Structures are given as structure tokens and as C-alpha cells.
Amino acid sequence: MDKGKLRIGLLGAGRIGRIHGGNIAAHPRARLAFVADASREAAHDLAQAAGAAVADADRVIDSPDIDALVICTPTDTHADFIERGARAGKAIFCEKPVSLDAQRTRACVRVVEETGAALMIGFNRRFDPSFSTLRRRIQDGEIGEVELVTILSRDPSPPPPDYLVRSGGLFRDMMIHDFDMARFLLGEEPIEVHAVASNLVDPAIGRAGDVDTAAVMMKTGSGRIAQISNSRRATYGYDQRIEVHGSLGLLAAGNRRTTTVEFADARGYSVDPALPFFLERYAEAYRAELDAFVTGVLDGAPLSPTGLDGLRAQRLADAATAAARTGKAMRLTLEAGA
Ligand SMILES: NC(=O)c1ccc[n+]([C@@H]2O[C@H](COP(=O)([O-])OP(=O)(O)OC[C@H]3O[C@@H](n4cnc5c(N)ncnc54)[C@H](O)[C@@H]3O)[C@@H](O)[C@H]2O)c1
């Protein structure tokens, strides 16, 4: 370690890589040593802004000058990079999802276990101050037994077409966050998955074989229910709301708006739209998750969310994809370790 600092190599300097790169550079216990990107220009821009060097991904992974990797490349590269990082003895933070299907994720998690590498998956919403408080208050017993979890999660607009084609589809790319959040709040594994999906926002998404509007219902072994509503469109900003209904009451977390200013006249009340998108809405969550990774690795504490969390969310995404395609409910068996 470099004077007690975690030396980090960042792979992928796109939308989310730039956020993590900035947070690493600002962290008092971390140093951004290298940035790698298939686009030399993207790598150069971030490296220059963050005081890091540019290098090829292969060199970064094997470099003796880094302790940890932060993987922010497209989803179809994650599992390979995780395995290579684990074999090179690096601690790894990888953006969600681990791969495009559960079988590949399972193999990747096995390599991580065999090598004993530390792995954390980027389910950033667990670190959002409102959602983490919601979980703590459920665990404190304030609403008794959890009965119904409702997650409303809608993007303001679809991602760029070149992102979409490599994304794995709405359930694996977007709803994966909500599958993780449902598990986080239910406190039990869902074993039954129902899904419906449509192409209502942009015909180009349908032509690319994906959907942009979907609803999922899931049930756990004891009968707890989670419902998730996703859209790639929301005209009023980034819509991120959660309600947890329990035997003793309700906990809810609403949208965050650009300002708290309220206007009223004879026609009624109006307020600002929700914050525009994930970069603004989850800015604190990204800082907190990076801090959890850096301090966890430096202090030798267990990292969370784990590769197993990644695998369990992935199995739900695969099940929902199949349920939406076939129109049939999917049942999951809780195999050991997954
Ligand atoms: N947790 C979150 O809130 C969140 C938000 C956005 C994206 N993501 C995830 O992060 C990943 C990246 O998404 P993004 O929106 O930043 O995508 P992006 O397309 O903006 O950025 C990806 C970058 O990776 C580079 N790249 C592609 N292949 C590479 C390779 N083999 N080696 C090195 N660089 C390579 C590209 O040139 C690009 O700059 C995806 O897996 C996505 O699911 C997570």
C-alpha cells in the first residue's frame, strides 16, 4: 500500500467510471493510479482530471503498483475482468451486473472464492441515505413483519443505443438494482417470479429485441410479496420510490427534487421535478459505496454487497426475463451458495 492509501486501477471511463474516478481521487485513503479505457481519449480526460496515469487494461490488472481494481466497463466484460483481477491478487469493486447470465456469474463467483479475492458489487442504492435508513428501521422492528415491498423505479429517458445493445436487456441491466433492493428489504429470498413487459417508449428498443416497460411480482417462501415497476421513461425526472408495508405499519421513501420550493395559486400546488437521473440522485450513495470499498479493503473488513448478492439478483433477472417471454411464472430453487 502507498503510505496507507489503497492504490486503484480504474477500467472504463464512461458515465459511471467518471463518477467513481472522481470519488477515488477525492478519497483521503485512496489513490487513483491508472485509468484504462478502450477509448484513449476517454481514459486521458479522466486521468488528467484525477491526477492518474493512462494504461491499457491488461497492464493495469497485472500491475504491482495497484492493490485494487474498480471495473466500470460494459457488462459483457465484467466477469472476465473480475476473474483476471482475482487471479492477480487484487481487491475488486465491479459495477452491476456481474455478467449477462447467472451461469456465467456463478462460474465467476467460484473463481473469486477459490482465489480468496475481496469482491464488492456496485448495488449503490443500498448506500442511499433514505433506503439504508428504511432497511435499518425495518430491522429495528418498527413495522413488524414485512408483508409487501413496492419499488417504483423509472428512468427519465433510455440510455444511448450503443449502451443498450450490450446491456443484457431491461431486467438484467436496469431492474437488477430493484431485484437487489427487494432482497435487501424483504429479508428473505424470492422463490416465485411473475413478469410482464412491453415496448411503449421507443420502437428502436423493441427492434433491438429489448423492452422498455415492465412489471414484476415476486413471492418468498413465507409468502412475503415484492412488486417492481420499471420504465425507461419518466417525464417528471428520475422516479425512485419505495414503500414497505408491514404488520405494524408502513415505511416509505420518496423522490428527491431539485429544490424544495413549492408554488401555490388558485389552480393548486406545484413543486419541482425529481432530480434528473442517477448521477444526481445517487451522488451521496456512490461516495458512500466507494468509501465502504476502500475502508473495507484497507481495514480487512468483509465487503458487501458480495458476489453472491450479484448472483442472487442475476438469477431473479434471468427468471423475470424468462417469465416475461413465456407468460409463465418461474420458480427458483434455493441451491446451496446461490
Ligand atoms: N450502479 C449504477 O448506478 C450504474 C450506472 C450506470 C452504469 N452502470 C454499469 O456500469 C457499466 C458501464 O456503464 P456506463 O453507463 O458507464 O457505460 P459507458 O458506455 O458510458 O462507459 C463504458 C466505458 O467502457 C469503455 N470500454 C468498453 N470496452 C472496454 C474494454 N474492453 N476495456 C476498457 N474499456 C472499455 C468504453 O470506451 C466506455 O468509455 C455497465 O455495466 C452498467 O450496467 C452502473
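Predicted model: local features only at pLDDT ≥ 70, side-chain atom pairs only at ≥ 80, totals over all residues.
**Notes on ring contacts and cis prolines**

1. Pro305 sits in the loop between H12 and helix H13 (307-326), helices (H or I, at least four residues) and strands (E, at least two) being DSSP runs numbered from the N terminus.

2. Residues are numbered from 1 along each chain as its sequence is written, and side-chain values use heavy atoms, with hydrogens and water left out.

3. There's another cis peptide bond, from Lys96 to Pro97, with omega near -20°. Pro97 falls in the loop between strand S5 (91-95) and helix H5 (102-115).

4. Now the rings: Phe, Tyr and Trp (its six-membered ring) pair if their centres lie within 6.5 Å, with planes under 30 degrees apart stacked, over 60 edge-to-face and the rest tilted. That rule gives 5 aromatic pairs. Phe131 and Tyr282 make a tilted one, 6.4 Å centre to centre with 55° between the planes. Phe131 is in helix H6 (residues 129-139) and Tyr282 in the loop between helix H11 (278-281) and helix H12 (283-299), 151 residues apart.

5. Tyr238 and Phe277 have ring centres 5.0 Å apart and planes at 80°, so they count as edge-to-face. Both are buried (under 20% relative accessible area, 1.4 Å probe, protein chains only). Ring pairs join Phe131, Tyr238, Phe277, Phe278 and Tyr282 into a cluster.

Technical notes:
Buried < 20%, exposed > 50% of the residue type's maximum accessible area, 1.4 Å probe, protein only.
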